[in-house]
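Please read the notes below with the sequence and the model open side by side. They are written for someone new to reading structures.

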Amino acid sequence: MKAKLLLLAVLMPILGFAQRTDKFKQLDQEWPTPGKFRTAAGAPGPDYYQQKADYDIDITLHEAEHKISGSETITYTNNSPDMLEYLWLQLDQNVRSLTSDSRKIGQEQMSDKMSFNQVENMMKAFDGGFNIHQVQDGNGKNLDYHIVKTMMRVNLPMPLKPGGVYKLKIKWDYKIQNRAEFGGRNGYEHFAKDSNDLFTISMFFPRMCVYNEVYGWQNKQFLGRGEFTLPFGDYTVSLTVPADHIVAATGELQNASSLLTSAERKRFEQAKNSDEPVLIVTQDEAVAKEKTRAKGNRTWKYKATNVRDFAFASSRKFIWDAQGVKFGNRTVMAMSYYPKEGNPLWGQYSTRIVAHTVKTYSKYTFDYPYPVAISVHTNNIGMEYPMICFNGGRPEEDGTYSERTKYGMLTVIIHEVGHNYFPMIINSDERQWTWMDEGLNSFLQYLTEQEWDKNYPSRRGPAYKIVDYMSSDPNTIMPIMTNSESLIQFGNNAYGKPATALNILRETILGRENFDYAFKMYAQRWMFKHPEPSDFFRTMEDASGVDLDWFWRGWFYSTDYCDIALNKVTWFKAKSGNPDIDIPEDAREADKDREVFVGDMLNRADTVNKTIVEQNPAARDFYTDPSRFEANDLDRIEYKEFLGSLDSNEKALLNANWNFYELELKMLGGLVMPVILEFEFSDGTKKKEYIPAEIWRFGDSVVHKVFWFEKEVARVSLDPNLETADVNRNNNYWPPRIEPTRFELFKQRQRRGEHGNPMQRDRKAKSLNK
């Protein structure tokens, strides 16, 4: 029977092993096979190609009608090895059509009591889709085209051969929505007090879709969340706007001499060599324009090279400031455009944080290649385009602002300016993979925030800030590798979790130097190209020299969370072998650790009623004799023989008095992570031990690890510096301790600085002292 039991003890783990999930399995099946277009190292292959789309655009902004009308000539170059029978364009503005899919699939709910505003908001609609008036070839001949929701197919009379070039001429118009009423990435903000509008315009022209070896034509409809997938090209754009408007746009202004006053041009030249913002258009000058309406229009002409998109902003309300940022012998102009309602925050911070952002991102990727980086202020927005972004963050009318408003503004500017790198230059497919731009950008945003201020209240990046999401309802969590339109908890999934994962890679898995080298390699390999997720994963592994498939699988392909428990700590000390020391010590330890049954305790305390063994010597033998726990001469002879059998190394080990600690660790969550331990010794000193994640490589849920020290250990902490996003810290300590959940007692509306605007409170307090 014993042999069978032993056989079972051997077989059961073997049978169980086949059931285990291999969290270290390579991702070859999930990733596309490398080849001549994209290599196994994550780099563009020898036959990598990408299409080019050049645009010559004429736009008129009709301020009174809130309308855009435009015409464009697209020069499309087929760099692929394929014959193209048709061309696909994006009509993303059609998301504003009354018949758009995004409107149809939006979900609403009714309740027994609803306000007028709730019902009106549910029923209101804005017809802002494209009206296409003309599609022709370069010779002015009408072309057959077919609109499919937010896309348009142009049927070519003859297939476009590899290396061929084709011209399209398109005319269109559409209505611009009021963003306060209908939201969106573009539109206008109306200022009722001075009856002026501020226009932030994007997605305003039919744009070419991406064609590549991965998907063919990008044909996923725009539903409003998964953003844009666009080819690079050169842009020449003429923007006709009211004559008193100031325009900010992608690219460089070509006709400044005919648009700007001599004073404005002089200030602009001064700004090029200034490391502080210089006002090009002052607040007084902007306010004066608000009160009048110039007649007629003026045309602002811009050129932009090697960009994937174009956007602009236009208003007579704009204050404009700028400063130069040096990259070698180049000067990049960091600039901000904002209405007076943005001051004092925008005048103090916007351009400074733009300059800081391009310098910091450049350190981790490549020198910012474009000539300008622009931040435009309009309320309640954060949206990015090449060289220009639209950002919220507005103080109160009295000029005060809360800490939340200040850092919200700084954060959104860093984030949106940072998007120049991801995806405007490292041009990933936003329509498929939001995390490739939002996640990577949020990671660098965190580094940029911390280099601005070590006390910056960053929302995303550190591991502990993602714990609530990782431990939330499993039905609301999806893998990062989920299409943009299907994500639940969009911000946590596409921004927070990938940013956290990269921060853990940098701080804990790879180390800063190795991570930074690999990350910069990815950025420089795919600068002005179209990477896929596998290109990022492969480059990070290839350049760092570390197999990270287990990390990508856990963080990007699963919804597992980290919960590693410090189940048990057992302390061992080597016995001396000396019976005069060990035998009494064993007896003391046995007696000290024994839990006493209440009956035994009462019986021993009973000195009146004697037991038979106590009364009758005939009932006693060797096993009832207390002296059997004492050392005898035979024990001493055996000890002497034992010492004689030891060599010098064994004697040294015996006499070293080491303390051995066996730790039992259990993986309660499914996310494989390193084991990081801190030992605190009885003298107050500490030592940190790092065990790589590969300790879990055999699929065990429980592992054991022995550590030995000359000092005695007083406490052991698991993940002491909050590096692994462990969702339950109550099982991370020996001796066990419970992490308190803190709560605060307060009287509503009496908490200093927590409600309202502390700056207003401070201003009021100072006024009382006058």
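The points below go from confidence to strands, salt bridges, the surface and the backbone.

1. **Basis.** This is a predicted model, in which local features need pLDDT of at least 70 and side-chain atom pairs count only at pLDDT 80 or more, while totals for chains, interfaces and linings use all residues. Residues are numbered from 1 along each chain as its sequence is written, and side-chain values use heavy atoms, with hydrogens and water left out.

2. **Confidence.** pLDDT is the predictor's confidence in each residue, from 0 to 100. The protein has an average pLDDT of 91, and 95% of the residues score at least 70. Two stretches need care. Over residues 1–18 the pLDDT stays under 50, and the model has two contacts beyond four places in sequence for them. Residues 750–754 also stay under 50, with four such contacts. A contact here means heavy atoms within 4.5 Å. Where pLDDT is low, the predicted coordinates should not be read in detail.

3. Helices (H or I, at least four residues) and strands (E, at least two) are DSSP runs, numbered from the N terminus. Two strands pair if DSSP finds at least two bridges between them. Strand 19 (residues 319–327) has eight of its nine residues buried, so it is largely enclosed by the rest of the structure. Buried means under 20% relative accessible area, exposed over 50%, and partly exposed in between (1.4 Å probe, protein chains only). Strand 16 (residues 278–281) runs antiparallel to strand 19 and is joined to it by three bridges; here Leu279 stands opposite Asp321. Strand 20 (residues 330–338) also pairs with strand 19 in the antiparallel sense, over nine bridges, and Ile319 faces Tyr338 across that pairing.

4. **The hairpin turn.** Which residue takes a positive phi in the hairpin of strand 19 and strand 20? It is Gly328, with a phi near 65 degrees, and the hairpin has two residues between the strands.

5. A salt bridge is a side-chain nitrogen of Lys or Arg within 4 Å of a carboxyl oxygen of Asp or Glu. The structure holds 35 of them. In one, the side chains of Arg308 and Glu430 meet at 2.3 Å, N to O. Arg308 lies in the loop between strand 17 (297–307) and strand 18 (312–315), and Glu430 in the loop between helix 9 (403–418) and helix 10 (435–452), so the pair ties together parts that are 122 residues apart in sequence. Are these two residues buried or exposed? Both Arg308 and Glu430 are buried.

6. **Other salt bridges.** Lys363 and Glu451 form a salt bridge at 2.8 Å, N to O. This pair links distant parts of the chain, with Lys363 in helix 8 (residues 345–364) and Glu451 in helix 10, 88 residues apart. Lys363 is partly exposed at 43% relative accessible area, and Glu451 is partly exposed at 35%. Glu678 bridges to Lys686, where the closest N and O atoms are 4.0 Å apart. Glu678 counts as buried at 18% relative accessibility, whereas Lys686 counts as exposed at 53%. Elsewhere, salt bridges that share partners join Asp194, Glu290, Lys317, Lys340 and Glu341 into one network.

7. **A nonpolar surface patch.** Val596, Phe597, Val598, Met601 and Leu602 form a nonpolar patch on the surface, with about 510 Å² of accessible area together. Patches are made of residues with over 30% relative accessible area and no salt bridge; like charges are joined within 9 Å, and nonpolar side chains (Val, Leu, Ile, Met, Phe, Trp, Tyr) within 5 Å. Accessible areas come from the Shrake-Rupley method with a 1.4 Å probe, and for residues only the protein chains shown count as cover. Leu602 lies in helix 17 (residues 598–605) and is exposed, at 54% relative accessible area.

8. **Backbone points to check.** Most residues other than glycine have a negative phi, and most peptide bonds are trans. His66, which is not a glycine, has a positive phi of about 50 degrees; it lies in the loop between strand 1 (52–62) and strand 2 (67–77). Met387, also not a glycine, has a positive phi of about 70 degrees and is buried, with a relative accessible area of 1%. A cis peptide bond joins Asn343 and Pro344, with omega about 10 degrees. The bond from Trp734 to Pro735 is cis as well, with omega near -10 degrees.
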